[in-house]
Amino acid sequence: MESMGKMKSSWDMYIEEALPKLESRNMFTPLRPMNIPIAGEEGAQTKFDEDEYQTYDGIQPWDRLAAQIELPQSFFQRLLNGVELVSKYEVEENDRISSNQETEYKKLILFAGNDFLGLCRHPTIAKATAKAAMEQGTGPRGSPLICGYTNYHMVLESSLAKLKKKEACLLCTSGFGANMAVMVAIGSIVPVICEGEGRRPAKEEKVAVFSDALNHASIVDGLKLADRLGGVELFVYKHCDISHLDALLTNCKNKRKVVVTDSLFSMDGDIAPMAELAQLRKKHGFLWVLDDAHGTFVWGKNGGGLAEEFNCEYDVDISIGTLSKAASSLGGFVTCSKIWKQWIQSRGRSFIFSTIAPIPLAAASYASVVVAKKESWRRREIQNRMKELHALTGIPVKSQIVCVMIGDMMQAIKANHELLKSGFYCVAVGPPAVAPNTARLRLTLTAVHTSEDIKRLVAIISKYVKFQVPSSSDCSDYLTPRL
């Protein structure tokens, strides 16, 4: 059984074998770091000091705005009537709103968004965004491989690498693009090596990739492209089923193996068996790729995600995340070793052919990283809302994403309509998105929801679902990952 260090160096050495073949054909694409001058201050450089970012202890008045939305009354009424904005109604409604005609709005508490920490109205983040826009304009100037890799992007990458306990970080335009880039980069290793030797890869030379059955669409689509390159053998294992994965790995004859999984699955809210995956990695020596989009900033003492929460940060080789959820910004990122960063930036097509995020967004994201790390009370508040929802309903709340199973789609719609009337916005999900007779309400809990919000929400839903309220002794295991 190889040690963790040896497994990592084995993969790094594999990439080191392939990189010179890119360089020999002028296909290696280095980043071009640059400083953007500040207007009126020639030669001045922007300074990034975490201590200058003001943070707060506990919910502030602006935080509650992060959990509120307003819908035009006409659209709100159509939702209640089961008719959303379609065809001519959509055109008429949008024309009326965009022409600044007087519009009445309905205020709702949002239980369907991804701003888990409630940072979208944080004044420190807004100030950092505005300052960057005033000094640098809107940007960017191009792709990161041409002229878009600024000091703002570099400091953001450094902070994310540090958060994830990795050597390096690569920013992408979106989380979707980050997953696509990694999957395609993995799929191109063997073809590049074999092409340099003037031959096609044999089946046993290909990288075997094992993917959870419920992985995000960005992983699925990325693996389809990787498969087209001819460098991978794809295997799908049953959702969170360690026994099935172990059997597949054991029976696989390919030397190089990769396991890729979401950390937290966005539709059901369940968590991958992190500790078991770490043990399985030690047994089989695979490369572990983790999509921690819904876990980053929300889980772990420092917001490092579910790998930090389960104390397996150093077992994860490549950690992928997004800035569009708990960071309340936009963009994706890949944290990994330095050699993997070089490979992905040279072979990840969605990275290579995308323009980098504008400087103000990079500044906003960096401020979000600082605030999320320092305002740890936000993670505690999410945990508190999870405990309260479990205590009131008996639902096995595994994460900040909770599915309330109703069954019949019409009942789910009725429950959703009553929630709307009572001032709550959430989503009813039914077939074909889920199996027949498994219609549900999908709720997302945030740091800026209150105990009163949870009580009122449960009171309404309980008219449609018979909850089994647990005893106090049953509440201690609500965080156990479902296997």
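Mentor: Two residues are in contact when they have heavy atoms within 4.5 Å. In this predicted model, take the contacts in the protein chain with a separation of 6 or more: residues 24 or more positions apart account for 80% of them.

Trainee: How much of the protein chain counts as buried, and what makes a residue buried?

Mentor: Buried means under 20% relative accessible area. By that cut-off, 53% of the 483 residues of the protein chain are buried. The chain holds 17 helices and 15 strands.

Trainee: At what angle do helix α6 and helix α8 pack, and what is that arrangement called?

Mentor: Helix α6 (residues 175-187) and helix α8 (residues 217-228) pack at about 30 degrees, with their axes 8 Å apart. Because angles under 35 degrees count as roughly parallel, α6 is roughly parallel to α8. The crossing of α6 past α8 is right-handed.

Trainee: Which residues make the contact, and how do they divide by type?

Mentor: From α6 come Phe176, Asn179, Met180, Met183, Val184 and Gly187, and the residues from α8 include Ile219, Asp221, Leu223 and Leu225. The residues of this contact divide into nine nonpolar, four polar and one charged. Gly counts as polar and Asp as charged.

Trainee: What makes β2 and β13 edge strands?

Mentor: The open sheet of three strands runs in the order β2-β3-β13, with mixed pairing. β2 (68-72) and β13 (424-425) each pair on one side only, which makes them the edge strands.

Trainee: How do you know that β2 and β3 pair?

Mentor: Pairing takes at least two bridges, and five join β2 to β3 (residues 105-110), with the two strands antiparallel. In one of these strands, β3, Leu108 is the bridge partner of Ile69.

Note on methods: Residues numbered from 1 in each chain as written. Predicted model: local features only at pLDDT ≥ 70, side-chain atom pairs only at ≥ 80, totals over all residues. Heavy atoms only, no water. Axes fitted to C-alpha atoms, helices over the stretch in contact; angles between N-to-C directions. Helix = DSSP H or I, 4+ residues; strand = E, 2+ residues; numbered from the N terminus. Parallel < 35°, antiparallel > 145°, perpendicular 65-115°, else oblique. Left-handed = near helix turned anticlockwise from the far one by under 90°. Buried < 20%, exposed > 50% of the residue type's maximum accessible area, 1.4 Å probe, protein only.
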